[in-house]
Amino acid sequence: MSPRRSEGPAATRLSTRDMVAEALAGVLQRPGRSVLTLLGTVLGVGAFVAVLGLTSTATGQIGASFSILQDTTVTVDDTGAAARDATGVRDTAMNFPADTDERLGRLNGVVDGGLWWNVPLRHPTVSARPDVTAAASGTAGGDPTGLRVLAASPGALRAMQPSLSTGTLFNEFHQRHRERVCLLGATAARLLGITRVDNQPAVFVDGAAYTVVGIIRTTQRLPQSLLSVLIPSSTALDAYGVPADDPAQALIRTRTGAASLVARQAPLALLPTHPGLLRAVPPPDPHALRDQVDTDMSGLFLGLAAICLVVGAVGIANTTLVSVLERTGEIGLRRALGARRRHITAQFLTESTALGALGGLTGTVIGVAVVIGTALARHWTVVLQPYAVLSAPLMGVAVGFLAGLYPALRAAHIEPLEALRH
């Protein structure tokens, strides 16, 4: 049996500690170039964390906002009117009682509630001037401003939760005396050129004057009111009759969690003799919209994050390859002293992986900071998914490893004699 050889490449070993030390030395040898190489990975990983964090945070806010409205809003439709329209038989009365506001107010869990509908105008013309008529508008009886007139009871107004820019809401006094007063939505007021109410401006609906008592800036419910003129429901019934083509609807604001109970009780409370003529429904579940927003935001920005990661991988691969070419003599010397190909491969793979890991950690910190800063600025609740934060540094490691494969394999195949000639 021949004696065991101890010399030559077989005796060469490269410990993990030495490999890491060599990799860090290679990274820190040219810090400026290393920092520039990290930018692509930092941007990619940072965008990944920020996108998932901002999407989760924004989706949480959308869900919270819609859940509040869902838990506190009920609408009641006049299904009897729809049946009459289907048979072609018109009625001259609504199925809602005259004291709808009072009946809804007596229900447990109701905060405010009342009736509203689109006013059936004969020649729909709304203007801030008394001399504008449907004929003068040149639209064959149409309103050139595109404004609508809505009838609303005081209870419906309060259920809308409007915020006024000026003036006040009309109330039970105006309702009881059928006063010719109105509210303007913000867009309607801008189209009509009315910005204040202390000078008691008037709006003319089909030539009839209505004194403007307030301007609605925003509203939680019935957003169409911002492009409308709102008048008391009693005034609308007296001047224009009951709604025919567009039936009245009850709007109810409830306490949190009471919407389902109120929806079951409202038809019986409003029309105890024929509750089937009314249909009360809570608003639709916003989960579909929330999921769509989540999908759209994630799909768009994760695509951008993927592009940044590809750019980062190309940067690491390019830097590692340049490092191989610059250190050809060093590689040849190592091979001549006994380093094997796997040692050279491991050394350059460790360098590229270290670059990727540093980029991943830096990008994760930046991404988390962006999410927290945005949430604090908008007074949102921060929502960060653990899988996104924990996997982001590993993503940088994977990018660095894959980017360094080709340069490392190329370095490993450099022949010692050829390298030492350079």
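Student: Is Asp112 buried or exposed?

Tutor: Asp112 is buried in this predicted model, because its relative accessible area is 14%, and buried means under 20%.

Student: What does the side chain of Asp112 meet in a salt bridge?

Tutor: That would be Arg158, at 3.0 Å from N to O.

Student: Which residues are linked with Asp112 in a network of salt bridges?

Tutor: Arg158, Glu172 and Arg253 are linked with Asp112 in that network.

Student: How many salt bridges does the count come to?

Tutor: It comes to 6. One of them joins Arg279 and Asp77, with 3.3 Å from N to O. That pair links distant parts of the chain, since Arg279 is in strand 11 and Asp77 in strand 1, 202 residues apart. Asp77 counts as buried at 17% relative accessibility, whereas Arg279 counts as partly exposed at 47%.

Student: How do strand 1 and strand 11 pair?

Tutor: In the antiparallel sense, over 4 bridges, with strand 1 covering residues 73-78. Asp78 has Leu278 of strand 11 as its bridge partner.

Student: Which residues of strand 11 are on the covered face?

Tutor: Leu278 and Ala280 are on the covered face, while Arg279 and Val281 make up the uncovered one.

Student: OK, switching to the inside. Which residues touch the most other members of the largest nonpolar core?

Tutor: Val76, Val119, Leu184, Val203 and Ile231, in a core of 43 residues. Helix 10 (residues 259-270) gives the most to this core, with 5 residues. As a general point, nonpolar side chains in soluble globular proteins tend to be buried together.

Student: What does Val119 touch?

Tutor: Leaving out residues up to four places away in sequence, Val119 touches Val149, Leu150, Ala151, Ile231, Ala236 and Tyr240.

Student: Where's a nonpolar patch on the surface, then?

Tutor: Ile372, Leu376 and Val382 form one, with about 250 Å² of accessible area together. Val382 is in the loop between helix 13 (341-377) and helix 14 (386-412), and Val382 is partly exposed at 34% relative accessible area.

Student: Backbone next. Which residue other than glycine has a positive phi?

Tutor: Gln161 is one of them, with phi near 55 degrees. Most residues other than glycine have a negative phi. Gln161 is in the loop between helix 6 (154-160) and strand 5 (162-167), and at 29% relative accessibility Gln161 counts as partly exposed.

Student: What about the phi of Arg178?

Tutor: Arg178 has a positive phi too, of about 50 degrees. Arg178 lies in the loop between helix 7 (172-176) and strand 6 (181-185), and is partly exposed with a relative accessible area of 46%.

Definitions and conventions:
Residues numbered from 1 in each chain as written. Predicted model: local features only at pLDDT ≥ 70, side-chain atom pairs only at ≥ 80, totals over all residues. Heavy atoms only, no water. Patch = residues over 30% accessible without salt bridge, like charges linked within 9 Å, V, L, I, M, F, W, Y side chains within 5 Å. Areas by Shrake-Rupley, 256 points an atom, 1.4 Å probe, with all protein chains shown as cover. Salt bridge = Lys/Arg side-chain N within 4 Å of Asp/Glu carboxyl O. Helix = DSSP H or I, 4+ residues; strand = E, 2+ residues; numbered from the N terminus. Buried < 20%, exposed > 50% of the residue type's maximum accessible area, 1.4 Å probe, protein only. Core = buried A, V, L, I, M, F, W, Y, C linked by side-chain atoms within 4.5 Å. Contact = heavy atoms within 4.5 Å. Pairing = 2+ DSSP bridges.
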